Amino acid sequence: METGLAKKTVVVTGGGSNIGRAISLAFAGEGANVVITDLDEAQGKKVADQANALGKGGVSKVVKLDVTKITEVESVFKKIAEESGGIHVLVNVVGGDVLTMFKDTTPEIWDKLILLNYRTFLNSVKSVLPYMISQKGGSIVSIASDAGRVGEAKEAVYSGTKGAVIAASKSIAKEVGRYGIRLNMVCPGMTIPKSDEVGEGSAWKGQEGLFSPEVLESIKKLYPLRRIGTGDDTAKAVVFLASDAADFITGQTLSVSGGFTMV
Ligand SMILES: NC(=O)c1ccc[n+]([C@@H]2O[C@H](COP(=O)([O-])OP(=O)(O)OC[C@H]3O[C@@H](n4cnc5c(N)ncnc54)[C@H](O)[C@@H]3O)[C@@H](O)[C@H]2O)c1
């Protein structure tokens with residue numbers, strides 16, 4: 001598959017841990033210049049070093065960034081675009097959940113999840129579009145969730161925010177397709193990282209052993225393909241959607257979940 005990603009500038013928000021880490025490494029594997037933007041600079045640096053050690057010709061680096069703050073996002077993206085001659089790919093990874101029955105949620109939980117999952121998406125997409133419009137092309141891939149498509153108990157607020165990411169991406173895709181800009185979404189299945197794949201900012205930090213081997217075996221049986229997904233599974237789909245191989249695909253949502261959801 002010809003990806004056309006070599007030497008392209010790829011920004012991955014939340015690129016230091018778990019799914020974002022796998023995505024950063026996958027783009028580096030294609031020879032892209034990867035900018036890992038993460039609150040957790042130390043973890044991002046670890047991943048940038050691993051990406052550069054692949055020796056595929058790109059240069060990866062970390063930039064500390066809180067994507068909940070639009071002024072920070074604007075100034076960091078401006079600097080990246082000026083230094084790199086544009087931003088070709090944006091991958092929105094930052095997000096998280098609070099598992100609670102909706103009747104037990106609070107407005108504080110609503111605000112937290114809207115900020116983390118939807119506002120971060122708005123901040124990043126709004127900030128990258130001027131560069132992609134002026135260079136007449138670009139690809140934005142956002143990590144959503146099937147909870148946003150089919151619903152999930154204890155995830156009502158999260159589901160709403162991920163549904164918002166999907167719906168807004170489709171609307172924006174209709175507005176900016178004329179500039180050669182594509183927006184697509186990937187919905188991963190449950191993705192449990194290894195302990196060395198996460199930093200302090202990850203929701204999975206310190207959660208080793210959360211699931212007993214017996215529970216993990218029963219979770220596998222929920223998936224037609226009989227295994228639990230990895231960050232690499234999601235990363236392969238993200239690279240494809242960002243690449244030239246998908247240059248006539250926009251506004252689409254792809255589940256990478258071993259068939260758990262078939263939408
Ligand atoms: N892990 C799963 O099972 C799963 C399943 C479906 C969807 N998703 C989605 O995939 C995405 C990644 O999930 P994950 O499990 O890899 O996450 P994670 O919690 O392991 O990692 C999140 C990363 O984002 C960084 N981060 C957090 N807040 C930030 C901020 N404000 N600014 C910049 N960086 C910030 C953290 O430091 C960390 O490196 C999320 O959007 C999540 O909703 C995850």
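1. Asn-18 is buried, because 24 other C-beta atoms lie within 10 Å; a residue counts as buried if 20 or more other C-beta atoms lie within 10 Å of its own, as exposed if 12 or fewer do, and as partly exposed in between, with C-beta atoms placed from the backbone. Asn-18 is found in helix 1, where helices (H or I, at least four residues) and strands (E, at least two) are DSSP runs, numbered from the N terminus. The phi of Asn-18 is near 45 degrees, a positive value in a residue other than glycine. Most residues other than glycine have a negative phi.

2. Before going further, a word on the source: this is a predicted model, in which local features need pLDDT of at least 70 and side-chain atom pairs count only at pLDDT 80 or more, while totals for chains, interfaces and linings use all residues. Residues are numbered from 1 along each chain as its sequence is written.

3. A second residue other than glycine to look at for its backbone angle is Lys-7, whose phi has a positive value near 70 degrees. Lys-7 is found in the segment before strand 1, and Lys-7 is partly exposed, because 14 other C-beta atoms lie within 10 Å.

4. As for the protein overall, there are 8 helices and 7 strands, and 47% of the 263 residues count as buried. The C-alpha atoms fill a box of roughly 50 × 40 × 35 Å, taken along the principal axes. The radius of gyration is 17 Å, which agrees with the value near 18 Å that a compact globule of 263 residues would have; this radius is taken over C-alpha atoms, and the globule rule is 2.2 Å times the number of residues to the power 0.38. Among the contacts with a separation of 6 or more, 75% are accounted for by residues 24 or more positions apart, two residues being in contact if their C-beta atoms, placed from the backbone, lie within 7 Å.

5. Strand 1 (residues 9-13) deserves a careful look, since 5 of its 5 residues are buried, so this strand is largely enclosed by the rest of the structure. Thr-9, Val-11 and Thr-13 point one way from strand 1, whereas Val-10 and Val-12 point the other way. Strand 1 runs parallel to strand 2 (residues 33-38), to which 5 bridges join it, and strand 1 also runs parallel to strand 4, with 4 bridges between them; two strands pair if DSSP finds at least two bridges between them. Val-10 has a bridge partner in each of these neighbours, namely Val-34 in strand 2 and Val-89 in strand 4.

6. Strand 4 (residues 89-92) is covered on both faces, with Val-89 and Val-91 on one side and Leu-90 and Asn-92 on the other, all of them buried. A further 4 bridges join strand 4 to strand 5 (residues 138-143), and these two strands run parallel; in strand 5, Ile-140 is the bridge partner of Leu-90.

7. The largest nonpolar core holds 64 residues, of which Ile-23, Val-186 and Val-238 touch the most other members; such a core is a set of buried Ala, Val, Leu, Ile, Met, Phe, Trp, Tyr and Cys residues joined through C-beta atoms within 7 Å. Helix 4 (residues 107-134) provides the largest share of this core, 8 residues. Leaving aside neighbours within four places in sequence, Val-238 is in contact with Ile-23, Val-91, Val-141 and Val-186.

8. Around the ligand there are 30 residues, the closest being Gly-14, Ser-17, Asn-18, Gly-95 and Gly-201, where a residue is near a molecule or strand if its C-beta atom, placed from the backbone, lies within 6 Å of it. The largest share of this shell, 3 residues, comes from helix 1 (residues 18-29). By class, the shell has 12 nonpolar, 15 polar and 3 charged residues; Ala, Val, Leu, Ile, Met, Phe, Trp, Tyr, Cys and Pro count as nonpolar, Asp, Glu, Lys and Arg as charged, and the others, Gly among them, as polar.

9. Two loop residues complete the note. Val-198, in the loop between strand 6 (181-188) and helix 7 (213-220), is buried, with 22 other C-beta atoms within 10 Å; Val-198 and Ser-17 are 181 residues apart in sequence but 4.3 Å apart in space, C-alpha to C-alpha. Val-67, in the loop between strand 3 (61-64) and helix 3 (70-84), is buried, with 26 other C-beta atoms within 10 Å. Not counting residues up to four places away in sequence, Val-67 touches several residues, including Thr-13, Thr-37 and Val-94.
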